[in-house]
Amino acid sequence: MDKNIPIVVPDGIDNSKSISSYSDKELSDLKKEVFWETNQFEKTASLEISLYDLCKFLKRKGFGEYKTNEKRIADKQLVRWDNKILKLYDIDNIKQFIIDYFNQSNKELYNIGNPYAVSYFDEFGDFTWNKKQLMNRLMRNNIFSKVSIPTLWKYNIDNPKLFMDEQDKVFIRFQDKIVQIDKDNIVEKDYSILGDESVWETQLIDKPFDKIEYSGEGLVEKYFKKTCYDMNDKNSDDWSENFSLNEERWKSLKTTYGYMISQYKNPEEAKCAIFIDKDTTEGDSNGRTGKSIVLNSMEYWKPFKDVDGKIPNNLVGHHSFDRVDLDCKFVHIEDLYKSFDFETLYNKVAGRFSVNPKNKPSYSIPFQHSPKLGISTNYISTENDASTRDRQHFVEFGGYWRTCKKMGEKPSDKRHLGKMLFEHDFTDKDWNDFYNFGFKCVQEFLKYGLIEADMGDLKNKMLRKEIEGEDYTGEYDWIVNWIEKDRVNDGGDKLPGISIDDLYSKFRKSFTLHIMSNGGDSFYKKKFVQSLYKVAENTGYEYNGHKRHLGDTPTDRKHLKGNANGSPTYMVIITENPRFKKVSNSGDKTTQYGEKTSEKSGKSKDLEVSDKKWKELFDE
């Protein structure tokens with residue numbers, strides 16, 4: 001595909017003016033717009049459309065076929081390039097454009113000697129087709145189809161080149177100005193900074209924005225901030241005083257919001273933002289914590305689509321995500337069905353975003369131009385493997401707004417916000433406050449990166465579900481209790497450790513009936529070992545850490561101790577893991593477990609000490 005096809009600016013002629021106001025050049029250009037002709041048979045005439053001339057007209061107006069990859073047989077989307085703005089079209093939209101364009105035209109243009117005059121004759125004499133006759137012809141439904149318009153412009157990802165956000169710079173595109181944000185400055189720019197680049201029409205924000213001026217906490221910031229409130233130790237008669245801000249989670253939410261606003265796609269930081277209630281339990285659909293309101297507010301920043309995640313076909317069916325357009329920059333998946341497998345979103349998050357719309361050509365959006373994803377859900381997944389976690393970014397929401405509802409109050413009440421967000425009484429000042437708050441969030445993201453607060457509660461819920469399934473049967477709590485309370489007394493923290501047989505016998509006393517009804521000892525003992533390993537490794541401990549270099553399964557780390565009768569005993573030692581040490585510096589980027597991330601490779605000093613300790617204890 002030729003990436004250097006010259007793009008002609010649409011002529012932009014106003015065909016509604018009086019004849020006397022046109023220059024000779026304009027009259028000549030108007031004459032080139034004629035794509036209708038006379039089909040004359042003796043004294044019978046009909047007005048017909050010249051498909052070739054129609055395509056030339058559409059091309060003059062900037063219409064083309066947009067391809068998102070280099071394949072010759074790749075599906076194409078119809079677009080119009082108009083003064084550095086790309087607009088999505090389909091056949092119906094193009095037909096409407098043609099009708100609207102000529103409906104506004106001056107009827108004098110159709111008279112003899114004028115640009116739109118096309119003659120015909122009948123038994124009454126010679127005539128030209130008038131405006132009404134042309135409009136009647138255009139309003140028929142057989143002007144053209146997509147397969148019959150092969151001579152339009154051939155557009156692609158590189159032509160016209162799109163104006164993009166950068167890794168360290170974000171551009172908020174309003175109708176009349178651009179706000180440029182980096183980690184140190186927030187400044188207004190005009191559209192001259194586009195140079196020869198273009199933007200999608202839907203990227204231009206049409207909501208009120210006046211100026212860059214942070215004048216304190218606006219309504220949206222206040223609402224968002226309350227989603228990060230947790231219960232405190234007070235016992236006030238005023239329920240709202242029993243909540244306090246979780247500073248760590250507030251910083252996480254702000255950097256996450258800034259990440260979602262940014263249209264830059266970093267392949268090393270391709271994440272799906274997942275909003276979940278802090279106190280969620282499987283099957284609990286109370287919601288009302290603010291997750292959807294925060295995610296849905298993305299529609300005021302960029303081209304946006306929402307998807308009902310409770311319907312499996314919307315996420316994994318043949319026509320999944322079929323409402324996502326080529327220009328879409330954010331997708332909100334509302335809730336998830338119970339058996340949802342996050343792996344189905346891998347490519348959507350970190351690769352090309354493929355779409356197969358119903359009754360329309362399929363297409364795929366390259367990663368750099370594809371939408372970011374956000375999920376609001378109460379569904380607790382058991383997926384905790386590295387590939388999945390690398391693509392997920394969790395933000396927990398507290399119960400302040402849910403409690404508000406339970407107490408018979410609403411966020412719009414005077415004591416809270418005083419109005420509903422983004423509705424008819426949302427003033428220009430409210431919009432200005434909202435956008436300035438968003439600018440600050442982008443700036444925090446550029447400064448600190450994508451911060452994930454401590455996710456201990458959610459991680460424990462995921463582990464519990466993985467071990468116990470849909471029913472809370474108690475195995476998880478028993479293992480956690482043993483590790484935290486009885487492990488040291490049982491010698492499970494040091495040499496020689498505790499035998500798996502002895503530990504399983506203790507466990508069996510509490511779960512005899514459950515074990516017998518779920519496969520018996522031969523099956524359940526293996527499950528117990530797997531569960532012990534998972535809980536230890538995911539809650540700040542190491543399972544036979546001296547064997548860590550051999551792999552990441554209980555079998556890899558199997559530690560056998562010989563005894564008098566020659567039959568080795570499977571021993572387990574559970575020790576604290578230095579990799580889970582908390583980081584106190586709030587400016588550091590944190591991971592799922594609160595550990596500080598590092599750009600340098602290699603082991604930490606804590607791990608080197610740990611390895612040395614194990615080598616001294618074991619000669620293996």
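What volume does the second largest cavity have? About 70 Å³. Keep in mind as you look around that this is a predicted model.

**Stop 1: the second largest cavity.** Select L162, F163, M164, D165, R173, S198, V199, W200, Q203, Q263, K329 and Q368, and you have its lining on screen. Colour them by class and you will find five nonpolar, four polar and three charged residues.

**Stop 2: the largest cavity.** The structure holds eight cavities of 30 Å³ or more, and the largest has a volume of about 100 Å³. To centre your view, pick I274, L336, Y379, S381 and F394, which lie nearest the centre of this cavity among its 14 lining residues. Then show strand 15 (272-277), strand 21 (392-397) and helix 13 (456-468), each of which gives the lining at least two residues. This lining has 10 nonpolar residues, three polar and one charged.

**Stop 3: aromatic rings.** There are 62 aromatic pairs in the structure. Start with F304 and F330, a stacked pair with 6.3 Å centre to centre and 5° between the planes. F304 belongs to strand 16 (residues 304-308) and F330 to strand 17 (residues 330-334), so their pairing ties together parts 26 residues apart in sequence. F304 is buried at 17% relative accessible area, and F330 is buried at 0%. Next, select F35, W36, F57, F63, Y89, F97, Y101, F102, Y110 and Y116 to see one aromatic cluster.

**Stop 4: charges over rings.** Go to Y448, where K251 lies over the ring face, 3.4 Å from the ring centre. Finish at Y472: the charged end of R464 sits over this ring, 5.4 Å from its centre.

Key. Residues are numbered from 1 along each chain as its sequence is written. This is a predicted model: local features need pLDDT of at least 70, side-chain atom pairs count only at pLDDT 80 or more; totals for chains, interfaces and linings use all residues. Side-chain values use heavy atoms; hydrogens and water are left out. On a 1 Å grid over the protein atoms alone, a cavity is a set of points where a 1.4 Å probe fits but cannot get out, and a pocket is an open set with protein on both sides within 12 Å along at least five of seven lines; lining residues have an atom within 4 Å of a point. Grid points are joined across faces, edges and corners, and a volume is the space filled by probe spheres set on the points. Helices (H or I, at least four residues) and strands (E, at least two) are DSSP runs, numbered from the N terminus. Ala, Val, Leu, Ile, Met, Phe, Trp, Tyr, Cys and Pro count as nonpolar, Asp, Glu, Lys and Arg as charged, and the others, Gly among them, as polar. Rings of Phe, Tyr and Trp (its six-membered ring) pair if their centres lie within 6.5 Å; planes under 30 degrees apart count as stacked, over 60 as edge-to-face and the rest as tilted. Buried means under 20% relative accessible area, exposed over 50%, partly exposed in between (1.4 Å probe, protein chains only). A charge sits over a ring if NZ of Lys or CZ of Arg is within 6 Å of the ring centre and within 35 degrees of the ring normal.
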